[in-house]
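The following exercises concern a single protein model. Please work through each solution step by step.

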Amino acid sequence: MTGRINLLRKSAYLLIFFLWLGAFHASVILAYSELISLWYMPAGVSMAAFLVFGKRAFIPIFLAIWVESFNFSAFFAHGFDPTLLATSVLFSLAHSVPYGIGGLTTRHWLSHFVQKNIPTKIVGLLVIYAVSAALAAFCGLLVWELATENYTNILEDGWFAWWLGDLIGIMVLAPFLCLFLPKLSTYKVPWIDVFYDHDRGMRRSKKQFIGKLILAVLTIIGIFMLDRAVDHPGVAYFVFFVSIPQVWIVFTERTAYASTSLLVITALIAFGVGVFDVTDQAITYQFALYITAATSYFAVAVPALVQQNSTLKELAMLDTLTQLPTRWLFKTLVEQVVKSSRPNQSHCIALYNIDNFSRINNDCGYSVGDQVLRESSKIMQNEMRDSEILCRCEHDNFVIFMPNLDLDSAIQRADELRHQLPVLQFDDLILPIRGSFGVVHVQFGESFEQTLERANRAMQNAKHQGRNKVVAIS
């Protein structure tokens, strides 16, 4: 078992190492100027690696940066130079330390503040990302300025583009990789589940998703062609409209699709600036990438909140144990029927309690008690007429609404239902279920709580008369 765990760790290290190198060379392809691209992919890989693997990601990321920053040609041509080694080590530390701190801080934020709502988590996430990218940009440019003599004022002139490029790389790649890295490495990331809980309420139509993504891609290509054809700086601002199809995808598609579309859209914009030769407006396109990514993050909160509201609504309407209507729903339905009734219509309520239920819990355990509530309520629900409503009021108390019945008919109906209470068997245990019923007439002008209180008094009278009875009071 230990050997298997060590193998998984080594595989994870190799995965991070080669993924970072691949992202670095991909960023070189996307660059529209020397070492400058609209978004820096390795930053996203680093943040995602620390998010998923924690401090274990430091070694492979450090080594990957060292491999890229160490001048091997100079080393083999002129021999060992301590300056080359020191520079590569500084570059590695300048990148891996800020993102290590940012990734571990993000893990702590998402893991230990689970009670925070989605929008608050997203705000915290973006703040940590921004601070980490700023620290990495400052440290990286500082090392670059110290290590080279070819650039002047590089820290002053390049910090914004470097910072924003890193920040966009984090915002785009981190959620995408946090979705797939755990699957490739068998690492568990429980804190990320909150961002994917609403997926079960989303449709899974790839065709519709691809159609929306094609619309976004065509929009981007059209804007680039227009920007190249029309010599006006304002044309580049049309790229901000790309956030509309992206938000549409986030609202209507699963989180994996939303992350994929953000990756495709931003990569296309970053690549298109150089291909269509619109580098004069590079900052505009870069800022549009940031706005699109940030909007997507906040848009995720909308379907998540819709799912949470749906869950809360379901909890408010159905009892989790018996799946019967809750007291709130029962009260709402009864009040609606009573308000819409004619003055000569008669309605009754029967409140029943399972006899000796506390003894069942004490002697047989609460799991058996829960099973008694589930099974007995299921059987009673099957006995309900179409117009009747059965509700679990609280604990082992149940309420039945009997519309269009006078008190005598309601007593007779309650007695019929009393005889339908089952005899349940759990393994070798046989439990005959009995109940005491209290029946009252619903009086116009009386509140629901007052009616229920009278029904409770009738039920208590049934208990005092020996249980397993039906007692009515006017």
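**Exercise 1.** Is Thr87 buried or exposed?

*Solution.* The model is predicted, so local features need pLDDT of at least 70 and side-chain atom pairs count only at pLDDT 80 or more, whereas totals for chains, interfaces and linings use all residues. Residues are numbered from 1 along each chain as its sequence is written, and side-chain values use heavy atoms, with hydrogens and water left out.
Step 1: buried means under 20% relative accessible area, exposed over 50%, and partly exposed in between (1.4 Å probe, protein chains only).
Step 2: Thr87 has a relative accessible area of 19%, so Thr87 is buried.
Step 3: Thr87 belongs to helix H5 (residues 82-112); helices (H or I, at least four residues) and strands (E, at least two) are DSSP runs, numbered from the N terminus.
Step 4: not counting residues up to four places away in sequence, Thr87 touches Val143 and Ala147, where contact means heavy atoms within 4.5 Å.

**Exercise 2.** Determine how the buried residues of helix H15 are placed around the axis.

*Solution.*
Step 1: the buried residues of H15 are Ala410, Arg413, Ala414, Leu417 and Arg418.
Step 2: they cover an arc of only 145° around the axis, and therefore lie on the same side of H15; the arc is that of the directions from the helix axis to the C-beta atoms.
Step 3: Asp408 and Gln412, on the other side of H15, are exposed.
Step 4: the cover over the buried residues of H15 includes helix H14 (366-382) and strand E1 (348-354).

**Exercise 3.** Classify Leu90 by its relative accessible area.

*Solution.* Leu90, found in helix H5, has a value of 44% and is therefore partly exposed.
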